[in-house]
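Please look through the model below before reading these comments. They are meant to be read beside the coordinates.

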Amino acid sequence: MFSPACGRHRLLVALANQSGATNAQSDESSSALTQAIAAMDARLFDAYNRCDLEQFSEYFTPDVEFYHDQGGVTWNRDEVVENTRKYICHKVRRELLPGTLQVYPIKDYGAIEEGEHRFCSVDTGKCEGVAKFLMIWENKDGKWRMTRVVSYGHRALSASENAAPH
């Protein structure tokens, strides 16, 4: 004998199973996106740390906007690269703080990357500063590039942050 309660139970189980499948697919695609963005972040900052400005520049659209709480706004890739050459090359090394990277998809566009990084002197190896960052990545024709960068909350490292492995 069929009861309405039994039918509702089957419907709820079916919906839960369907939702679980969707969440699993979403988790897989989210994980793949996070891995892709993390890999690009690693390559970007490897070029930054080595002062390979040609490779570094490839990660930005020509009209990138870079907002820095202490340095102001930079309105294009050429200025971003030139500022990196003048103020960063062979002076500062960037390190992503473990466990801080988060990636969020932007429907039909790309992704948001956020996290925290520390900056270390190339000469002394001493890490002194930390900041938060937010980067907007555009995926156009299979090529990922940043369109917006926000670097903010610059401050001195705490003792525990400075004790973290470099």
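1. Numbering starts from 1 along each chain as its sequence is written, and side-chain values use heavy atoms, with hydrogens and water left out.

2. The protein has a mean pLDDT of 87, with 81% of its residues at 70 or more; pLDDT is the predictor's confidence in each residue, from 0 to 100. Over residues 1-22 the value is below 50, and beyond near neighbours in sequence this stretch has two contacts in the model (contact: heavy atoms within 4.5 Å). Where pLDDT is low, the predicted coordinates should not be read in detail.

3. Four helices and seven strands make up the secondary structure, in the order α-α-β-β-α-β-β-β-β-β-α along the sequence. These are DSSP runs numbered from the N terminus: helices are H or I of at least four residues, strands E of at least two. Of the 166 residues, 33% are buried, meaning under 20% relative accessible area with a 1.4 Å probe, protein chains only. Among contacts with a separation of 6 or more, 55% join residues 24 or more positions apart.

4. Strands β5 (residues 110-121) and β6 (residues 127-140) run antiparallel and are joined by 11 bridges; strands pair if DSSP finds at least two bridges between them. Cys 120 is opposite Cys 127 in β6. Five residues lie between the strands of this hairpin, where Gly 125 has a positive phi near 80°.

5. β6 also pairs with β7 (residues 143-156), in the antiparallel sense and over 11 bridges. Here Lys 132 is opposite Tyr 152 in β7. The hairpin has two residues between its strands, and Asp 141 takes a positive phi near 55°.

6. Which residues lie nearest the centre of the largest pocket? They are Tyr 48, Phe 66, His 68, Ile 88 and Ser 151, from a lining of 30 residues. The space in this pocket is about 640 Å³. At least two lining residues come from each of α1 (4-50), β1 (60-68), β2 (72-74), α3 (77-87), β5, β6 and β7. A pocket is an open set of points on a 1 Å grid over the protein atoms alone, where a 1.4 Å probe fits, with protein on both sides within 12 Å along at least five of seven lines; lining residues have an atom within 4 Å of a point. The volume is the space filled by probe spheres set on the points, which are joined across faces, edges and corners.

How values were computed
Buried means under 20% relative accessible area, exposed over 50%, partly exposed in between (1.4 Å probe, protein chains only).
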